[in-house]
Amino acid sequence: MIKVSESAIEFLGGVIKEQDVSNLHLKATIQNPGTPAADCHLSFCEKQEVQVGYDEQDLGAFNLYVAHDDLSYFEDAEIDYDVQGASGQLNIKAPNIKGDTPDDDAPIFDRVAYFIDAQINPMLASHGGHARLVAVEEDKAVIEFGGGCHGCGMAKQTLSQGMETQITAQFPEINQVVDATDHASGENPYY
């Protein structure tokens, strides 16, 4: 479970009380767990909104809910409230949410997927898009675009002039990057 300091419990309990909603608690979630883009979020939730698959941590003034699937990423996590004069700052430390960078001897799929998440997706995010590695077939990396890149008229250029250049430079065993996206079904392309 997540280690929550007494000062954080007191602070968060006060914030919850100010909401004037009975049976209000907190949920800790991770967006993009195990990737370089991982981010931790705390949000309000009513107990009846919590779905099956969450662990409940009773903190006295409120409960903290964490999804079973996220528990390993929250290992060694801490929530603290640092009082600084008349104000303070809530700090969440979750050292395992980004996962581990694959070693050089890890499977090529894992290394390329991590590279896409760490190096390429932050650039695509500026257009509301992302890419996902779906397969490595011989010397080809097969990707699918999503978000704003799904259906974008510039996806072909992004692939050939950006992604493929970066991936083939980083991974000599990859000679081609192939787009397996059905761009005709894109609902919200950037261009």
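Q: Which residues does Ile9 touch, not counting residues up to four places away in sequence?
A: Let's start in helix H1 (residues 6–18), where Ile9 has its place; please keep in mind that this is a predicted model. Once residues up to four places away in sequence are set aside, Ile9 touches Val4, Leu59 and Phe62.

Q: Does Ile9 count as buried or exposed?
A: The cut-off for buried is under 20% relative accessible area. Ile9 has 12% relative accessibility, so this residue counts as buried.

Q: What distance separates the C-alpha atoms of Ile9 and Gly146?
A: Along the chain, Ile9 and Gly146 are 137 residues apart.

Q: Which residue in E5 stands opposite Tyr54?
A: Strands E4 (residues 54–58) and E5 (residues 63–67) run antiparallel and are joined by five bridges. Within this pair, the residue in E5 that stands opposite Tyr54 is Ala67.

Q: Which residue in the turn between E4 and E5 has a positive phi?
A: E4 and E5 form a hairpin, and four residues lie between them. In that turn, a positive phi of about 90° belongs to Gly60.

Q: Is His25 buried or exposed?
A: His25 is found in strand E2 (residues 24–31). Among the residues His25 touches, not counting those up to four places away in sequence, are Ile16, Phe44, Phe62 and Tyr65. Its relative accessible area is 8%, which is under the 20% cut-off, so His25 is buried.

Q: With which side chain does the side chain of His25 make a polar contact?
A: The contacts of His25 beyond four places in sequence include Ser43, Lys47 and Asn63. The polar contact, at 3.0 Å, is made with the side chain of Asn23.

Q: Where is the kink in H2 centred?
A: Helix H2 (residues 108–124) has 17 residues and reaches 22 Å from first to last C-alpha, close to the 24 Å expected. The helix does have a kink of about 35°, centred on Asp117.

Q: Which elements are included in what covers the buried residues of H2?
A: The buried residues of H2 include Val112, Phe115, Ile116 and Ile120. What covers them includes strand E8 (129–137), strand E9 (140–147) and helix H3 (155–170).

Q: At which residue does H3 bend?
A: The buried residues of H3 are Ala155, Leu159, Met163 and Ile167, and they pack against H2, E8, E9 and strand E10 (176–179). One of these buried residues also marks the bend of about 35°, namely Met163.

Q: What separation lies between the C-alpha atoms of Leu133 and Glu144?
A: Leu133 is found in strand E8 and is buried, with a relative accessible area of 6%. Leaving aside neighbours within four places in sequence, its contacts are Phe109, Val112, Ala113, Ile116, Ala141, Val142 and Ile143. Glu144 lies eleven residues from Leu133 along the chain, and their C-alpha atoms are separated by 6.5 Å.

Q: Which element of the chain has the lowest mean pLDDT?
A: The chain averages a pLDDT of 87, and 95% of the residues score at least 70. Among the elements, strand E1 (residues 3–4) has the highest mean, 96, while the lowest, 84, belongs to H3.

Notes: Residues are numbered from 1 along each chain as its sequence is written. This is a predicted model: local features need pLDDT of at least 70, side-chain atom pairs count only at pLDDT 80 or more; totals for chains, interfaces and linings use all residues. Side-chain values use heavy atoms; hydrogens and water are left out. Two strands pair if DSSP finds at least two bridges between them. Helices (H or I, at least four residues) and strands (E, at least two) are DSSP runs, numbered from the N terminus. Buried means under 20% relative accessible area, exposed over 50%, partly exposed in between (1.4 Å probe, protein chains only). A polar contact is a pair of N or O atoms within 3.5 Å; within protein, one must be able to donate a hydrogen and the other to accept it, and residues adjacent in sequence count only if both atoms are side-chain atoms. Contact means heavy atoms within 4.5 Å. The expected span of a helix is 1.5 Å times one less than its number of residues. The bend at a residue is the angle between axes fitted to the seven residues ending there and the seven starting there. pLDDT is the predictor's confidence in each residue, from 0 to 100.
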